[in-house]
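I opened my notebook to go through one model.

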Amino acid sequence: MARILDLPKVELHLHFEGAAPPAFIRGLAQEKKTDLSKIFRADGSYAYRDFVHFLSVYEAATSVLKGPEDFARLCTALMEESAKDGVVYSETFVSPDFCGGGDVGAWKEYLHAIREAAEAGEKTYGVTLRGIVTCIRHFGPDKAKAAARCAAETAGDWITGFGMGGDENMGEQGDFAYSFDMAAEAGLRLTTHAGEWRGPREVENAVTDLRGMERIGHGVRAIEDPRLCDILAEREITLEVCPGSNVFLGVYPSLDKHPIQQLRARGVKVTVSTDDPPFFHTTLRKEYERLAKTFRWGADIFQDLNRTALDAAFCDAATKEAIK
Ligand code: ADE
Ligand code: ZN
């Protein structure tokens with residue numbers, strides 16, 4: 001087991017604000033004299049009832065991240081946590097909605113601070129971090145366009161992709177095609193959350209209605225349609241699977257009922273990530289430990305998952321080569 005847990009890890013699906021430890025958010029709330037007591041349990045962890053409530057607690061926690069400096073501090077905290085798990089490369093979803101409200105000028109200031117912290121963090125912690133600009137589905141297509149504009153204006157070697165998170169039950173993937181097209185035209189690679197809550201049709205819509213889609217956040221409910229699994233396998237669409245998140249939020253009742261093993265067996269490209277680790281009481285090490293125990297996976301499978309993740313990473317070839 002030690003060999004598995006100590007492997008150098010590649011993580012593709014980590015929400016920047018969702019990685020904020022509760023103590024970090026509580027500290028900021030105190031500094032800013034904001035009462036956030038409703039979002040914490042007595043033991044200090046985040047308190048929410050279900051997915052929709054999780055999204056609102058997430059947004060409340062994020063409300064105390066007030067300026068570029070707070071995001072820079074969070075970046076350092078996130079990288080310190082990732083390093084403890086043996087993560088060597090990570091892609092994180094950052095939302096202009098929380099960083100200047102979609103204004104390009106403000107976004108550039110936030111991004112500058114985050115990027116400086118990421119570069120310092122790389123030296124201190126040995127983790128290479130890249131950003132995926134992320135729109136939020138339940139904020140609607142107009143806000144998504146503003147996010148895509150921010151993404152397009154800062155596309156480059158640190159911002160490598162454009163994605164969408166948020167409430168999958170709101171609207172349709174195709175409503176966001178304009179934004180995804182704008183990001184793709186700026187050279188960004190694409191991922192979207194799909195098939196976490198809605199069924200396989202949602203995953204199919206993501207790969208048919210959004211041109212150039214390369215990865216799917218979660219995507220696990222694709223398993224309900226064998227033909228769709230074949231399409232994903234053929235087109236080499238990579239799933240960013242977050243098993244602990246799915247179990248904690250109740251998508252599946254327990255890890256042994258999670259389809260990650262079946263998806264792999266069907267030839268779908270599968271990777272493992274944490275999503276929002278402190279919200280789901282997880283870390284990438286814990287994910288590996290639970291998967292190894294539940295499915296009796298050996299180090300070879302985890303090595304394969306990491307190879308798949310590095311192949312599907314949105315960074316350039318030189319960065320991949322450097323972390324191999
Ligand atoms: N934002 C943060 N975590 C998310 C999740 N699991 N699904 C959709 N949007 C999210
Ligand atoms: Zn997610």
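I began with one pair of residues: K9 stands opposite V87 in β2. I noted that this is a predicted model, where local features need pLDDT of at least 70, side-chain atom pairs count only at pLDDT 80 or more, and totals for chains, interfaces and linings use all residues. Residues are numbered from 1 along each chain as its sequence is written, and chains are lettered from A and ligands numbered from 1 in the order in which they are written.

**The sheet.** I checked how β1 meets its partner. Five bridges join β1 to β2 (residues 87-94), and the two run parallel. Strands pair if DSSP finds at least two bridges between them. Strands (E, at least two residues) and helices (H or I, at least four) are DSSP runs, numbered from the N terminus.

Then I traced the whole sheet. Eight strands form an open sheet with parallel pairing, in the order β1-β2-β3-β4-β5-β6-β7-β8. Which strands stand at the edges? They are β1 (9-15) and β8 (269-272); each has a single partner strand, so one side of each is left without a neighbour in the sheet. The twist averages 25 degrees from one strand to the next. Angles run from 0 to 180 degrees between N-to-C directions, and axes are lines fitted to C-alpha atoms, for helices over the stretch in contact.

**Helix α4 with α5.** I looked at α4 (residues 68-84) and α5 (residues 104-125). They pack at an angle of about 30 degrees, with their axes 8 Å apart. That makes α4 roughly parallel to α5, a label for angles under 35 degrees. The contact includes F71 and M79 of α4 and Y110 and I114 of α5. Contact requires C-beta atoms, placed from the backbone, within 7 Å. The contact residues divide into twelve nonpolar, three polar and four charged. Ala, Val, Leu, Ile, Met, Phe, Trp, Tyr, Cys and Pro count as nonpolar, Asp, Glu, Lys and Arg as charged, and the others, Gly among them, as polar.

**Helix α6 with α7.** I turned to α6 and α7 (residues 177-185). Their angle is about 0 degrees and their axes lie 9 Å apart. That makes α6 roughly parallel to α7. Among the residues that meet are A144 and R149 in α6 and Y178 and M182 in α7. This contact divides into eight nonpolar, one polar and two charged residues.

Notes:
Parallel < 35°, antiparallel > 145°, perpendicular 65-115°, else oblique. Contact = placed C-beta atoms within 7 Å.
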